[in-house]
Amino acid sequence: MQSIKCDLLIIGAGSGGLSLAAGASQMGADVVLLEAHKMGGDCLNYGCVPSKALLASGHMAHAQAHGAAFGIADHAPQVDYAAAKGHVQEVIDTIAPVDSQERFEGFGVRVIREQGRFVSPNEVEAGDTRITARRIVVATGSSPFVPPIPGLEDVPYLTNETLWELKERPAHLIVIGGGPIGMEMAQAHRRLGSKVTVLEAQGALGRDDPEAAAFVLERLRGEGIDIREHTAAQAVRQEAGQIVVQTSVGTVSGSHLLVAVGRKPNIDGLNLAAAGVDVTRAGIKVGPDLRSSNSKVYAIGDVAGQGQFTHLAGYHASVIIRSLLFALPAKAKGDHIPRATYTDPEIAQVGLTEAEAREKYEGRLEVARFDYGHNDRAIATRQAQGFIKVMVVRGRPVGATIAGHQAGELIATWSLAIANAMKMSQIAAMVAPYPTIAELNKRVAGAYFSPRLFENSGIKRVVRLVQRWLP
């Protein structure tokens, strides 16, 4: 077994690990990167990228069938599901060189394609190599959680990892799980011609603002997706070539089953006990500085148990690079981290929801709201359904909820505002091109000030007085 030493060892070549490796190596650190599976991790190969590519295929099919309102005859789309999956793979292949081993070796990173396993607080074995590092960052991400449903292990089922291998369109896709992954894949397959049933034990899109979730779910049901909330899957079996799911209120039969009930941190096999690293059900236990119970070991991204978003992993990488390379204090914050579900319409959130803000701030909270129906660009493109609402305390936003077209794009402005403690007046001062969906952010800030300006008797008296004296 060969032994090597380095300044920084990163376990996992997903979004967080790659961001950290690129930055640290280019700033002069000696970096070793371990990856036992595919470079780019879940996001590139199984998650964010392929799901958005398949949603794009579904969008094109849906557009063909709904052009009459624009003066274009509706046309039943001829869907080639295998070709749609080919589109997905082409998208992955286009992005893959950015995350490739060759590119990172060009940065000076030593890439070892083996599983890492701790053997001491600062040593990791990977294949026939033992690495001793000054600092170690675990960035192993997460993987699909498969619930212990009786009979599930005896039937063919899909997860977000295996779905992309499927080349034949499901006649009837049953989705267990009404979260973001489940709802995105439900809509994509419905638009590509599959019958779709979603089974959710609680409320679908339950993490989101109830008003926003209800708006999106109504639209999805309008497309023919059978969404059954408060319907738990109790058992699964295969019968006459069909997959049968026994639920709390009856049975559902379909041709294919997708399990999308959540994710689990990838910590198995790391032998974290040998490193003195404490773990919880959510992942590696870390403090605000993202250090574990072993001061030499950090965790970032999904495995840190603070959220499962690619952009969060990248943010974590940007935070700890200060302490890893420059020995400067750095802490991660969470109130400005946005999340988005890319159904059509989209739903996005940053900071506190209205319910969370009311509980925390009570009477000090003000909620500013603006509807898509008053946005000229949305009207022109017939996407004028939806709303944006911003939770404001003492003139500063503490949260924003958006449900509608391009919600995932619009939410970035509110992440910027919360991250920098900006005032609503600064958002109102923005000038957006006309006509754009982006005007919604400025208009909701204007809605916050409207009562102060137009319903203020004092201002009206001052204006009348000034008008008398103007020449």
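## Terms and basis of the model

A residue is called buried when its relative accessible area is under 20%, exposed when that area is over 50%, and partly exposed in between, with a 1.4 Å probe and protein chains only as cover. Helices (H or I, at least four residues) and strands (E, at least two) are DSSP runs, numbered from the N terminus, and two strands pair if DSSP finds at least two bridges between them.

This is a predicted model, in which local features need pLDDT of at least 70 and side-chain atom pairs count only at pLDDT 80 or more, while totals for chains, interfaces and linings use all residues. Residues are numbered from 1 along each chain as its sequence is written, and side-chain values use heavy atoms, with hydrogens and water left out.

## The enclosed strand β22

Strand β22 covers residues 387-393, and because seven of its seven residues are buried, the strand is largely enclosed by the rest of the structure. In a regular strand the side chains alternate between the two faces of the sheet. Both faces of β22 are covered, with F387, K389, M391 and V393 buried on one side and I388, V390 and V392 buried on the other.

Strand β21 (residues 365-371) pairs with β22 in the antiparallel sense over seven bridges, and R369 stands opposite K389 of β22. β22 also pairs with β23, again antiparallel and over seven bridges, and here F387 has A403 of β23 as its bridge partner. The hairpin of β22 and β23 has two residues between the strands, and in this hairpin R394 takes a positive phi near 55°.

## A second hairpin and a buried helix residue

Strands β12 (residues 242-247) and β13 (residues 250-254) run antiparallel and are joined by five bridges. V245 has V252 in β13 as its bridge partner, and the hairpin that joins β12 to β13 passes through two residues.

V216 is found in helix α7, residues 210-222, and counts as buried because its relative accessible area is 0%. Between V216 and T231 there are 15 residues in sequence and, from C-alpha to C-alpha, 19 Å in space.

## Backbone features in loops

Most residues other than glycine have a negative phi, and most peptide bonds are trans. H230, in the loop between β10 (226-228) and β11 (233-239), has a positive phi near 50°, and this residue counts as exposed because its relative accessibility is 56%. Q406, in the loop between β23 (396-404) and α12 (407-419), likewise has a positive phi, of about 60°, and counts as partly exposed because its relative accessibility is 33%.

Cis peptide bonds are found from D344 to P345, with omega near 5°, and from Y434 to P435, with omega near -10°. P345 lies in the loop between β19 (339-341) and β20 (346-351), whereas P435 lies in the loop between α13 (424-428) and α14 (439-454).

## Surface patches

Patches are made of residues with over 30% relative accessible area and no salt bridge, with like charges joined within 9 Å and nonpolar side chains (Val, Leu, Ile, Met, Phe, Trp, Tyr) within 5 Å. Accessible areas come from the Shrake-Rupley method with a 1.4 Å probe, and for residues only the protein chains shown count as cover. A salt bridge is a side-chain nitrogen of Lys or Arg within 4 Å of a carboxyl oxygen of Asp or Glu.

K460, R461, R464 and R468 gather in a surface patch of positive charge, where Lys and Arg count as positive, Asp and Glu as negative, and His and the chain ends are not counted; the place of a charge is taken as NZ of Lys, CZ of Arg, CG of Asp or CD of Glu. K460 lies in helix α15, residues 457-469. M27, F326 and L328 make a nonpolar surface patch of about 300 Å², and F326 is found in helix α9, residues 310-326.
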